[in-house]
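Good morning, and thank you for the time.

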Amino acid sequence: MELKRVVVTGLGAITPLGITVSEYWNGLVNGVSGAAPITRFDASKFKTQFACEVKGYDPEQYFERKEARKMDLFTQFAVIAADQAVKDANLEDESLDKDRIGVIWGSGIGGLRTFQEECVNFANGDGTPRFNPFFIPKMIADISAGHISIKYGFRGPNFVTVSACASATNALIDSFNYIRLGMVDIVMSGGSEAAVTEAGVGGFNALKALSERNSSPETASRPFDNDRDGFVLGEGAAAIVLEEYEHAKARGAKIYAEIIGGGMSADAYHITAPHPEGLGALNVMKNALKDAGIKPEQVDYINVHGTSTPLGDVGEAKAIEAVFGDHAYNLNISSTKSMTGHLLGAAGAIEAVASILAIQNGIVPPTINHFTDDEQFNPKLNFTFNKAQKREVNIALSNTFGFGGHNTSVIFKKFSE
């Protein structure tokens, strides 16, 4: 069976750097930090008092008040990003066969704020179970894909992948496979997350996963820096329209890039810590390269998982050197989490958008907040520190790894007929 080609025909994003794709990209290439003191709740008693929130968000700019009250913030973000991508890809065209358009989304946590609020309200009551009738449909992770499907009448495959921080990349890989196997023509894919809540910050603090650099939030996310002390929690969403190439060509769709491969692997090591030698990261990149049918030396840019944790950054850098050999020193490597923070289950989506735009614009966004070299990293590796670099990017690989040892890599290529 001949596999079909799959291309990207639409993008959408609502992020800590801006509420459109162009604002997001402008923030990335200019090295803007999205971190600031938390506004969603009083964090004064928390070990970490800052995050990368979506700035100035007002749901009533996007939804009727009654409609917004039926959706958790992570679903609101999903619908907003998807709407941008629908318009960008012209999926409102009534001639499209909606039975062959799917929605495959990713979210690691889902409606955390809704769950937290309902449980707190019950605990503060007299024991009488007074729950919002929308509690369950607001909380469950799959409702994000459901809302997108309902809004646009997309009647193809519809589900959400959950693999912690690898969720959105798993969604992209599933979407890619459904299309190249001929099961659908188009999939709205991506991911969303909104975990900047008391439970989210408190939970990650208890794991000692978050940076506690409260005196300087904007410099707290420091991937590959000697003084990194944990990740910065982010929120938002990104949407990516994947489409079968001949279908896109026939309708004259704009094509951003081609998706050519995806890889998955497991660390099989620990529930939160990565494999110390980066074994899972090594395997997943090898699997993605094999799936794409390309050699390591063909890759120009890696958007790394790079969360700014002491262990994770080291393991991923070791894996890159093991997979790419001497070519590792010709690559541009960067962690855009240094600017956006870590969007958990949505990370793979916004970082896929960054990879696609790096290909289209010939610019590699930087890893900001580098102050002190860490001797654990080979100085020959180009982490694109502090300033974006111009270079032709024909092929970009994006890594996302999640608690539980879930590893995913996806590869995009500059489009040519």
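Residues are called buried under 20% relative accessible area, exposed over 50%, and partly exposed in between, with a 1.4 Å probe and protein chains only. This is a predicted model, in which local features need pLDDT of at least 70 and side-chain atom pairs count only at pLDDT 80 or more, while totals for chains, interfaces and linings use all residues. Residues are numbered from 1 along each chain as its sequence is written, and side-chain values use heavy atoms, with hydrogens and water left out.

I turn to the aromatic rings. Rings of Phe, Tyr and Trp (its six-membered ring) pair if their centres lie within 6.5 Å; planes under 30 degrees apart are stacked, over 60 edge-to-face, and the rest tilted. The structure contains 16 aromatic pairs. One of them is stacked and joins tyrosine 57 to tyrosine 62, at 5.7 Å centre to centre and 20° between the planes. Tyrosine 57 is buried, at 15% relative accessible area, whereas tyrosine 62 is partly exposed at 32%.

A tilted pair is formed by phenylalanine 204 and phenylalanine 403, with 6.3 Å between centres and 55° between planes. Which parts of the chain does this pair link? Phenylalanine 204 belongs to helix H8 and phenylalanine 403 to the loop between strands E13 and E14, 199 residues apart. Helices (H or I, at least four residues) and strands (E, at least two) are DSSP runs, numbered from the N terminus. Phenylalanine 204 is buried at 12%; phenylalanine 403, at 30%, is partly exposed.

Next, the charged side chains. A salt bridge is a side-chain nitrogen of Lys or Arg within 4 Å of a carboxyl oxygen of Asp or Glu. The whole structure has 20 salt bridges. In one of these, glutamate 258 meets arginine 5 at 2.9 Å, N to O. Glutamate 258 lies in strand E8 and arginine 5 in the segment before strand E1, so the bridge ties together parts 253 residues apart in sequence. Glutamate 258 is buried, at 8%, and arginine 5 is partly exposed, at 28%.

Arginine 5 also lies over the face of tyrosine 245, 4.7 Å from the ring centre. A charge sits over a ring if NZ of Lys or CZ of Arg is within 6 Å of the ring centre and within 35 degrees of the ring normal. Lysine 380 is placed over the ring of tyrosine 329, at 4.4 Å from its centre.
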